[in-house]
Amino acid sequence: MDSKKKLTESILIIAIILSNISQIPSLFGNPIIKSGYALAWMLLFAILLFRKWFGFNMDFLIPPAIFDMLCLLGWAFGKDYMASSLFVPINMSAFILTIGFLFGALVDEQIIKKIAIAYIASSIIVGGVLYVTVFRGIDWSGSSTYVYASKNSAAQFLLVGLILVATLFYVRHRIASGFLIIAYAVLIFMMKSRATIAALAIYLIYFIFFIVESKRERNFYLFLVVIFGLVVVFNPDANHLIIQEIIFNNRGTDMTTLSSGRDLHWKTFRQEFGKYLFWGTGGTYLESMPLAVLMSYGVIGGVPILLFALKPLIYAIKNMWDKRYRIYSLLVVSISLTMLVNSIFEEQAPFGPGVKCYFLWLLFGMYIGKKQYDLLNNYNEEINYNE
C-alpha cells in the first residue's frame, strides 16, 4: 500500500470515528469533535480531489444539482428554499457521496472491512454510553414517554452497525457477531423506535432470503422467526412487552396516538399539496421525507430529490448479480432499505439529520467509484494491449 493511500485510509477512519462518537449525548454540539470530523472530511476531500480521478462519470450528482439550481432560482424570486431543514442534509449527503466516489479508486473488500470495524467499534461505544447514562436502572418498558428523545436517529445509527456486523462478519465470527447483533437489537427495542424496529424486521427478511446462502441455515432462521412470532402472539408476558409496552408505548390505540401525530401530517399534505403543486412552500415540516420534499419544493424540486434518495437502492439492485461487487450491493441495499423505511416516518432520512445517514452515501459513493474505476482501467488495458 503506497503512503498516500494509507494516509487517505487513515483519515477516513478518523472521520468515521469522530462522526460516530459525536452521537454521544454529552458530546452533542461539542465544538472540538464537530471541528475535528469536519476538518477530517474536508482534508479527505482535498487529498482525493488531487489524485488522478478525471474521466469518471459523475451523473449521480445531477439530481442534487437540479435541486440546488431550483433553490438558487427560488432565492432570486423571494422563495427561500435554502432555509428549509432539508437543504443542508441533502447537500451534505451529496458531499459525502462525492468523497466515497473519489475514494472508490482505492477501495477493496479489506478496506471496506477496516472501515466497517471503525464504524462498529465507535457505534458500540456510543451504544454502551447510551445504555449506562440513559437506560440503566430505568423502567424503560413501563414508561409512556420516550426515555431518549433522539431515539430515531440513535436507533438508525445503531442499526447500521448491526447490518455491518451481520453482513460482513457473521459467517466467520458467529459467536462474537451474534453477541453484538443481540446487543444492537436490544438497544433498538429499548429506544422504542418503531420505524427502526420495522426497518430491522425488513432487514431480517432480506438477510434470510438474500444474504444467507445455505438453504438449511435459511430454513433454520425462518423457523426461529416463526417461533418468535408465536411467542409474541400467545405468551402474555411477551405480548405485553413487545406489543403494549414497545409498539404501543403504553398508550392508547387510536391512529393519532399510535402514529405520534403523523397521521395529521398526512392529512395536512392531502389538504394543502394541491396549492403548492409545482413550486412548494419553500419549507414545511412534515414527519415523512416524501411528503416533506414534495410539499416544500413541489414537483419541480421534490422529484429530483426523491430520485436521489432512491438512487442507491436502484443502482445496487440493478448490479447485484455481478459477483465482483456482491459485498457492495448487499451493504448498499441493506442500509438503503432500512433508511427508506425510516424516511416514511421521518422528515430528513435518508439524508440526515446530522451524521445519522452519512454511511449510506459513503458506501454508495465507493461502490460506483470502484465500479467506474475498474471499467476505466479495463478499457485502458484493452487499448494498451491492442496498440
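Which helices are included in what covers the buried residues of α7? In this predicted model, in which local features require a pLDDT of at least 70, side-chain atom pairs count only at pLDDT 80 or more, and totals for chains, interfaces and linings use all residues, the cover includes α5 (109–135), α6 (151–169) and α8 (194–211). Residues are numbered from 1 along each chain as its sequence is written, and side-chain values use heavy atoms, with hydrogens and water left out.

Helix α7 itself spans residues 174–191, where helices (H or I, at least four residues) are DSSP runs numbered from the N terminus. With 18 residues, α7 reaches 26 Å from its first C-alpha to its last, which is close to the 26 Å expected at 1.5 Å a residue, the expected span being 1.5 Å times one less than the number of residues. The buried residues of α7 are Ser177, Gly178, Tyr184, Ala185, Leu187, Ile188, Met190 and Met191; buried means under 20% relative accessible area, exposed means over 50%, and partly exposed lies in between (1.4 Å probe, protein chains only). Lysine 192, which follows α7, has a positive phi near 60°.

In soluble globular proteins, nonpolar side chains tend to be buried together. The largest nonpolar core in this model has 117 residues, a core being a set of buried Ala, Val, Leu, Ile, Met, Phe, Trp, Tyr and Cys residues joined through side-chain atoms within 4.5 Å. Ile16, Trp41 and Phe359 are the residues with the most contacts inside this core. When residues up to four places away in sequence are not counted, isoleucine 16 touches Trp41, Ile115, Ala118, Tyr119, Ser122, Tyr358, Phe359 and Leu362, contact meaning heavy atoms within 4.5 Å.

Valine 107, found in the loop between α4 (87–103) and α5, counts as buried at 4% relative accessibility. Leaving aside neighbours within four places in sequence, valine 107 is in contact with Ile112, Tyr328, Met366 and Lys370. The C-alpha atoms of valine 107 and lysine 5 are separated by 9.5 Å, although the two residues are 102 residues apart along the chain.

On the surface, a nonpolar patch is formed by Leu73, Phe77, Leu277, Phe278, Trp279, Val299, Ile300, Val303 and Leu307, which together have about 860 Å² of accessible area. Patches are made of residues with over 30% relative accessible area and no salt bridge, with like charges joined within 9 Å and nonpolar side chains (Val, Leu, Ile, Met, Phe, Trp, Tyr) within 5 Å; accessible areas come from the Shrake-Rupley method with a 1.4 Å probe, and for residues only the protein chains shown count as cover. Helix α13 (residues 289–318) contributes the largest share of the patch, four residues, and leucine 307 is found in this helix.

The structure holds seven salt bridges, each a side-chain nitrogen of Lys or Arg within 4 Å of a carboxyl oxygen of Asp or Glu. In one of them, the side chains of arginine 326 and glutamate 213 meet at 3.5 Å, N to O. Because arginine 326 lies in helix α14 (residues 326–345) and glutamate 213 in the loop between α8 and α9 (215–234), the pair ties together parts that are 113 residues apart in sequence. Arginine 326 is partly exposed at 28% relative accessibility, whereas glutamate 213 is exposed at 63%. A salt bridge also joins the side chains of arginine 324 and aspartate 322 (2.7 Å, N to O); here arginine 324 counts as exposed at 52% relative accessibility, while aspartate 322 is buried at 18%.

Terms used:
Helices (H or I, at least four residues) and strands (E, at least two) are DSSP runs, numbered from the N terminus.
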